[in-house]
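Please keep the structure open while reading.

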Amino acid sequence: KPVPPLAFGPYHKAANRLKYTIFAVADKNWGPAATATVCTVTLYIRGYTPAPITVNLAVATGTGVLSHASRDIPTGANTSVTFTYTTAAVGSEKATVTMTLASSGVLIDTMPFYSMDPVAYSATDETIAGEACLAKYNAMEWLAANAYTDYLNGRACNVNDTVRAIWNSGYGENKDNIFGMKAWINPQYDASHSLPTWGTNPTTGAKYLSFNYNWGLWCMKRYANQNGPNTENTCVTPAPYDLNSNHFHVVALTIPNVVNSGTVFQANHEMGWQRSEIRIEAGQARFRMADSANTTTDLAVAGTLDLNTFTVIGARSAGGNRVVRKNGVLAASGAYAPPADKFTSMTIGFAYNAYYPYQGFAGQFFGAITGAGNPSDAEMYVMEQYLALKHGETLTPPPAEVPETIPDLTAWMDPSYLPSLQNEVCCDDEL
């Protein structure tokens, strides 16, 4: 749901106006299977309350333990309070904790907690396994299904609505650093800055954003003193990773032709050239990375994508290596040692580099996942399959690797001939 700006609190306090929205965020929502993991949850308000707000807590599903049965959010502007949930030290499970207003019984939030190996659990439930993998890596997720007509007073989108916001339905946030994607430009004054529209696939019911070289959505992060000295030293609302950090992306899209080129998803520095992006180049999916000098390196999926066909593209940069994947299968890999260039923002459907916007891919966008870390190939597949399932699609698992068996050739060779081979060098190494 939309998160009002921090100014919302002191603004309403100055007017002595009782108005607030309650949110909950955890420092972690995942732990290993059969391990007691302590997760700290912050209940906070954006707004002002002249009296404490009592919130009742309960474990709706699962066998973990809460630190409190209720908590009081203190009086004041933008106040907060914490509690903990400790996952069960037995087996694998998805637990849920409910938070309700004591005064009215209104449900504020239902928060999931996972104690499992996502890859192992995918044999039981691929969707829950995908959720757990996002939680494990504190990954952000933006789905077209969560699009709003405005980022302050908007509503959930209907068909053909203009999209101005998608809220992070994944993880990675805290009460001071929100990862909402927004579009704040005004096309009334510049027709070239049109916005994406919202649609629904009539067959699968999947929700998407339709881009036609529009201005896209932007998640702006900032450093203290960004335009002055020591600009990269003190993070105020930092991006989740930088160019040389281990990180990954997963996007779901379709393209209408093999002519269009542009960005699908990008992590970048809006005042520099450094970026990590999934883009389409004349119908071909690419994982592009560039440093602050705009030295660019691409990994490409062979051939062009099938037109008007749901496709999941994954990318990972970790440990000096990069991979790009298509529909759960490795498509290309290569070495790359990126410099320590900072990121300050992320975009969907267009790019913003060196103070200037660049066109998007002009196709349909269904969803994106990104995060810091180095998920295994199997974990990448779990997240890729999860994103497909969220949109009524299913990926075909990559074939399992079968070790090659070298036969015992002595069974059909003439035994009398073997002694003469003992001192020979065979030209077939396997033989």
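1. The charged end of lysine 221 sits over the ring of phenylalanine 179, at 4.5 Å from the ring centre (a charge sits over a ring if NZ of Lys or CZ of Arg is within 6 Å of the ring centre and within 35 degrees of the ring normal).

2. A word on the basis: this is a predicted model, where local features need pLDDT of at least 70, side-chain atom pairs count only at pLDDT 80 or more, and totals for chains, interfaces and linings use all residues. Residues are numbered from 1 along each chain as its sequence is written, and side-chain values use heavy atoms, with hydrogens and water left out.

3. There are 15 aromatic pairs in the structure (rings of Phe, Tyr and Trp, the last by its six-membered ring, pair if their centres lie within 6.5 Å; planes under 30 degrees apart count as stacked, over 60 as edge-to-face and the rest as tilted). One of them joins tyrosine 241 and phenylalanine 343 edge-to-face, with 6.2 Å centre to centre and 80 degrees between the planes. Tyrosine 241 is in the loop between strands S19 and S20 and phenylalanine 343 in the loop between strands S27 and S28, so this pair ties together parts 102 residues apart in sequence (strands, E, at least two residues, are DSSP runs numbered from the N terminus).

4. Tyrosine 241 counts as buried at 3% relative accessibility, and phenylalanine 343 counts as buried at 1% (buried means under 20% relative accessible area, exposed over 50%, partly exposed in between, with a 1.4 Å probe and protein chains only).

5. Do have a look at the cluster too: ring pairs link Trp184, Trp215, Trp218, Phe350 and Tyr352.

Methods
Helix = DSSP H or I, 4+ residues; strand = E, 2+ residues; numbered from the N terminus.
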